[in-house]
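This report takes up a helix packing, a chain interface and a few points of backbone geometry. The sequence and the structure come first.

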Amino acid sequence: MRKTSYKLETPLTVEKVKKLRVGDRVRISGTIYTARDASHKRLIAALKRKSLPIPIRDQILYYTGPTPVRPGKVIGSAGPTTSFRMDPYTIPLLKKGLRGMMGKGERSQEVREAMKRHQAVYFAAPGGCGALLSRYIKEAKVIAYPDLGPEAIYRLEVEDFPVIVAVDTKGKSLFRRE
Amino acid sequence: MRRIGPERIRDVVAQLCIEANYQLPKEVIQALRRARRRENSSLGREVLSQLIENARIAEEGVYPLCQDTGMVEVFLEIGEGIRIEDLEEAIQEGVRKGYREGYLRKSIVSPLDRKNTKNNTPAIIHTKIVKGKRLKIAVFIKGFGSENVSATRMLLPSQGRKGVVEFVLEKVREAGADPCPPIVVGVGIGGTLEKSSLLAKEALLRPLGRHHAKKEIRFLEKELLKKINGLGIGPSGLGGKVTSLAVHIETFPTHIAGLPVAVNINCHALRYARKII
């Protein structure tokens, strides 16, 4: 497997993600948005009403629901949740120009094919490392759906957030699941 | 009759919820270190190092081990010589207190309309009445990345031991990277539908790596561990030798017509904490 290391700044572009290949290590810096099960459901409803609360084109969605923040800290633990649960909501977001996703585990074949069509990448963040990953998050603010509690959408500013390319724009996947 | 007040139970449960979410048991950390020495994939070793570092950060008491601070299961062994009042409420209040004071995520929703209870209750309570005058409380924090890939199946008696091995391997293979490998696999064999599931969960509660007392079950644990680690899923599902840290099996007699088997998968982070009052 070819392994290259990159530093990427958000927002992403097709040019930035096209060169990435499965297995590449990437350090991400800039603004990303969190979303998981309940917020995805709302995003899709908002998309239909054309009233999205966050930008989607060229952005990264991070599948996480952080623990409550302690006073004086930026965020609680914030590691990746299992991505395939978001598969039923993902294709409309890819059509809207979503460029990157971060989570853990494999994606469905439909999503991988749509990623190829719409030129998007999926990054695997280290699972089970919620405490460790909180270090790379420099700012966090709830910007949509606060009533969802841990499932609200946060805007995060991250610095050198460590991920691995798990599905690239050719639709190739890192995980073995034979 | 020895009396144990509800406030005492509440405080112990709260403390155990916090402890389990911040402190990885030392036998788990030791198992991760051993796994790192054994793993031949460099990416796999890197993941194992991250998990060890994650546990060190969590131990400082600011960031929980994982953002999924789970659903709480409380296993009680109640001595018949003690008197307790409001046990159920004392435990639920303990969970509310622990999750509030420990800055732990509240992840419990009603199943269909998905409305969050906002205090991580209800916890699931299992009770056993035992001899003596002591109360044993074990708190187990169950994350759902791994609970979602667990399953129970009613095998036929003719499928036997071979059928059990095949079912466990099938579930682990299907789970792949989703439950954050290296995983711990609890297997319950026998009983009825729900008894096998409970056995699998109780198997996870056994201190990591301690084998079953019966020789033939111990052999089955070792065989399954070897076969699971031969699947090549590896740490974080990125390939490698270490897919599982341990397989624990519990058994119970079953009906002549059946062979229930449950596979309860857990991530590396076995979050249990116990106290005897």
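## Packing of α6 and α8 in chain B

In this predicted model, Arg161(B), Val165(B), Val168(B), Leu169(B) and Val172(B) of helix α6(B) are in contact with Phe219(B), Leu220(B), Glu223(B), Leu224(B), Lys227(B) and Ile228(B) of helix α8(B). Sorted by class, the residues of this contact comprise eight nonpolar and three charged ones, with no polar residue among them.

Two packed helices are described by the angle between their axes together with the distance between those axes. For α6, which spans residues 160–175 of chain B, and α8, which spans residues 215–229 of chain B, the angle is about 40° and the axes lie 11 Å apart. The crossing in which α6(B) passes α8(B) is right-handed.

## The interface of chains A and B

Between the two chains, 40 residues of chain A are in contact with 41 residues of chain B. The area buried between chain A and chain B amounts to about 3100 Å², and carbon and sulfur atoms contribute 55% of that area.

Polar contact, counted for residues that are both at pLDDT 80 or more, links 14 residue pairs between chain A and chain B. On the side of chain A that touches chain B, the element that gives the most is helix α5 (residues 130–133) of chain A, with three residues. That side of chain A is made up of 16 nonpolar, 13 polar and 11 charged residues.

The rule finds two salt bridges across the interface of chain A and chain B. A salt bridge is formed between Glu53(B) and Arg135(A), whose closest N and O atoms are 3.3 Å apart.

## Cis peptide bonds

In chain A, Thr10(A) and Pro11(A) are joined by a cis peptide bond with an omega of about -5°. Pro11(A) belongs to the loop that runs between β1 (5–9) and α1 (14–18) of chain A.

In chain B, the peptide bond that leads from Thr121(B) to Pro122(B) is cis, and its omega is near 0°. Pro122(B) is placed in the loop between α4 (87–101) and β4 (124–130) of chain B.

## A positive phi in chain A

Tyr145(A), a residue other than glycine, has a positive phi, with a value near 55°. The loop that holds Tyr145(A) lies between β6 (137–144) and β7 (153–167) of chain A.

Key:
Residues are numbered from 1 along each chain as its sequence is written. Chains are lettered from A and ligands numbered from 1 in the order in which they are written. This is a predicted model: local features need pLDDT of at least 70, side-chain atom pairs count only at pLDDT 80 or more; totals for chains, interfaces and linings use all residues. Side-chain values use heavy atoms; hydrogens and water are left out. Axes are lines fitted to C-alpha atoms, for helices over the stretch in contact, and angles run from 0 to 180 degrees between N-to-C directions. Helices (H or I, at least four residues) and strands (E, at least two) are DSSP runs, numbered from the N terminus. A crossing is left-handed if the near helix is turned anticlockwise from the far one by less than a right angle, and right-handed if clockwise. Contact means heavy atoms within 4.5 Å. Ala, Val, Leu, Ile, Met, Phe, Trp, Tyr, Cys and Pro count as nonpolar, Asp, Glu, Lys and Arg as charged, and the others, Gly among them, as polar. Buried area is the accessible area (1.4 Å probe) that two parts lose on being put together, summed over both. A salt bridge is a side-chain nitrogen of Lys or Arg within 4 Å of a carboxyl oxygen of Asp or Glu. A polar contact is a pair of N or O atoms within 3.5 Å; within protein, one must be able to donate a hydrogen and the other to accept it, and residues adjacent in sequence count only if both atoms are side-chain atoms.
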